[in-house]
Amino acid sequence: MQMQAIHKQIEKESYTATYADSSSGCSSATDTHRPDISQVCMISDFLLKHGLYPHLLGYRYLRSALLHAMADPDFFDNLSRVCYPQLAQEFHTNERCVERAIRHALGRATDSDQCIIPQPDRCSNREFMVRASEYIRLHLW
């Protein structure tokens, strides 16, 4: 229980650092739609329950991608032309690093016992993100 409280405090600090600074010069969807802290915590809890942990870069990219998807349901329609470039711009990196970090985080989650996808059926980045966004939209949002 104490660990969850610490996690929520870290999420709040991370959220404040990411979304409260309007001088970042980033022209992403977060400039027009800033999620509240409860939405960030909801998505973070979902990712933690499914074996994705905050020390992985892919966790941060997935959390941001899912927040974008909640604001724009068509966000995952074309990962390589919309999603990855937007996340790369937001986190000041390139598209290949975003894609690889997400793939690595999903691979680590698949190896854990908490993953929603069984071990032999490792899914693609897009498949996981679409499944996760639909689940969050239908059950948690």
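**Figure 1. How much of the protein is buried.** In this predicted model, buried residues account for 41% of the protein's 141 residues. The protein has seven helices and zero strands, and reading along the sequence gives the pattern α-α-α-α-α-α-α. Take the contacts between residues at least 6 apart in sequence: 62% of these link residues at least 24 apart.

**Figure 2. A look at helix H3.** H3 covers residues 37–49, which makes 13 residues. From its first C-alpha to its last, H3 reaches 18 Å, close to the 18 Å expected at 1.5 Å a residue. Its buried residues are Gln39, Val40, Cys41, Ile43, Ser44, Asp45, Phe46 and Leu47.

**Figure 3. Tyr61 and Phe91, ring to ring.** The protein has three aromatic pairs. One of them is formed by Tyr61 and Phe91, with 5.0 Å from centre to centre and 70° between the planes. Planes over 60 degrees apart count as edge-to-face, and that is how this pair is arranged. Tyr61 sits in helix H4 (residues 57–71) and Phe91 in helix H5 (residues 79–91), so the pair ties together parts that are 30 residues apart in sequence.

**Figure 4. Where H4 crosses H7.** Two packed helices are described by the angle between their axes and the distance between the axes. Here the axes of H4 and helix H7 (residues 125–140) come within 10 Å and cross at roughly 55°. That angle makes H4 oblique to H7, and the crossing is right-handed. On the H4 side, the residues involved are Leu62, Ala65, Leu66, Ala69 and Met70. They meet Phe128, Met129, Ala132, Ser133, Ile136 and Arg137 of H7.

**Figure 5. Helix H6 and its buried residues.** H6 runs over residues 95–111, 17 residues in total. At 1.5 Å a residue it should span 24 Å, and its end C-alpha atoms are 25 Å apart, which agrees. Buried in H6 are Val98, Ala101, Ile102, Ala105, Leu106, Gly107, Ala109 and Thr110. What do the buried residues of H6 pack against? Their partners are H4, H5 and H7.

**Figure 6. H6 against H7.** These two helices pack at an angle of about 70°, and their axes are 10 Å apart. H6 and H7 are therefore roughly perpendicular to each other. From H6, the contact draws on Glu99, Ile102, Arg103 and Leu106. H7 supplies Asn125, Phe128 and Met129. Phe128 and Met129 also turn up among the H7 residues that meet H4.

Figure 7. His104 is found in helix H6. Is His104 buried, partly exposed or exposed? Its relative accessible area is 36%, so His104 is partly exposed. Leu56 lies 48 residues away from His104 along the chain, yet the C-alpha atoms of these two residues are separated by 8.4 Å.

Note on methods
Residues numbered from 1 in each chain as written. Predicted model: local features only at pLDDT ≥ 70, side-chain atom pairs only at ≥ 80, totals over all residues. Heavy atoms only, no water. Phe/Tyr/Trp six-rings, centres within 6.5 Å; stacked < 30°, edge-to-face > 60°. Helix = DSSP H or I, 4+ residues; strand = E, 2+ residues; numbered from the N terminus. Expected span 1.5 Å × (residues − 1). Buried < 20%, exposed > 50% of the residue type's maximum accessible area, 1.4 Å probe, protein only. Axes fitted to C-alpha atoms, helices over the stretch in contact; angles between N-to-C directions. Parallel < 35°, antiparallel > 145°, perpendicular 65-115°, else oblique. Left-handed = near helix turned anticlockwise from the far one by under 90°. Contact = heavy atoms within 4.5 Å.
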